[in-house]
Amino acid sequence: MNVTCTNTVPDAVKLNTTIENSHSGDRIQIHGTCLLNATVVLLGDRTYEGDSRTGTVLRQASGSNLPALFASDSWNDNWSYTGDPICIAQLTLDGSSSANSSTNALVIRSWLTVIEDLQVENAPADGIQVTSLSKSGVGLQSSQVNGHISNVFVTNSGSVGIHVVDPDNRVTDWSLLDSWVANSRQSAIYMDNAAGWTVRGNHVYGIQQHAIFANSCWATSIDGNYIEDFGGSGGSNTWYGIACTVGGGAASVISGNTVFMFIKEPPSGDFVFVGVPQVNYGTGVINVVGNTILDANGRRDTGLSYLLNGGVGLEVLSSNNNVRDVHTARSVGAGVKLVDGY
């Protein structure tokens, strides 16, 4: 099925009507520049595909202030169960933040979903949001697993670049690979729940808060990411290049990442390049190995930080990390045990 936009207000109705008349298994191919004054609702078991990032551009109309540009049907219709799989690829979503407010560019509440080769720019709120909550805050009663995000460029988000919203442990076992997140006003990648996730090969830069903050790490892998600067807003906060809060049981891994601070730190704030801020329950287990850390000789920075702050204990295999030009190379809090590997 083909939809050709004309960069006029009827484009949203044209897109939604085409989707409503589609069938399971259909490929909806979108052409041209679409001007959106209504959320495009994505039905499950379908592929949504543009011509290219420059050939298909979906832009929010000025003053629309939509809750989302593109969104899963499960989210829009406030279901208590997750949406069926979708694939979205080869297009640009432009939130037009200079003329709108509070809009998330892409909201996904569907399992086994593939998001690839997208440019997501100028979202007034989050760039890409993967959530267990519906538009009206209804929580999932089912899981939302096995999704894949790769080769996306998310830039100039008003809130978080890529945001996992999941207060109920429903969004697990996804992958976020080989993507770029730039110039977020808050964090680049912020995850309420990172259990079973793989976060690999991403490049993060120009970030005002945390670069990668993963809550509820459990069998989580964060590896091979490149971070250029973080915590640009300073203030009375502690900002992390990479952080995992961990739960007891299956170990998580932070390995092979490059976390650099090239510019002078803001005049206030504390900066941790790689760390565990807390244990959520039980005895947390994590490997922090082979990371490369470089600062610009700041005075309020820590290369590696391991804190208990709850739970029963924390066991950390911390080895072969190259930490340079930071004030404190490694800080180990009370109740934390450094363990040897084999």
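The model is predicted; local features need pLDDT of at least 70, side-chain atom pairs count only at pLDDT 80 or more, and totals for chains, interfaces and linings use all residues. Residues are numbered from 1 along each chain, and side-chain values use heavy atoms, without hydrogens and water.

The protein chain has two helices and 32 strands (DSSP runs of H or I, at least four residues, and of E, at least two, numbered from the N terminus). Its C-alpha atoms fill a box of roughly 60 × 40 × 30 Å along the principal axes. Of the 342 residues, 56% are buried (under 20% relative accessible area, with exposed over 50% and partly exposed in between; 1.4 Å probe, protein chains only).

The whole structure holds eight aromatic pairs (rings of Phe, Tyr and Trp, the last by its six-membered ring, with centres within 6.5 Å; planes under 30 degrees apart are stacked, over 60 edge-to-face, the rest tilted). One of them is stacked: Trp174 and Trp197 lie 5.7 Å centre to centre, with 15° between the planes. This pair links distant parts of the chain, 23 residues apart. Trp174 sits in the loop between strands S12 (162-165) and S13 (175-177), and Trp197 in the loop between strands S15 (189-191) and S16 (198-200). Trp174 counts as buried, at 2% relative accessibility. Trp197 is also buried, at 1%.

Tyr226 and Phe260 form an edge-to-face pair, 6.1 Å centre to centre and 80° between the planes. Tyr226 belongs to strand S20 (residues 226-228) and Phe260 to strand S23 (residues 258-260), 34 residues apart. Tyr226 is partly exposed, at 27% relative accessible area, whereas Phe260 is buried, at 16%. Tyr190, Phe213 and Tyr240 form one aromatic cluster.
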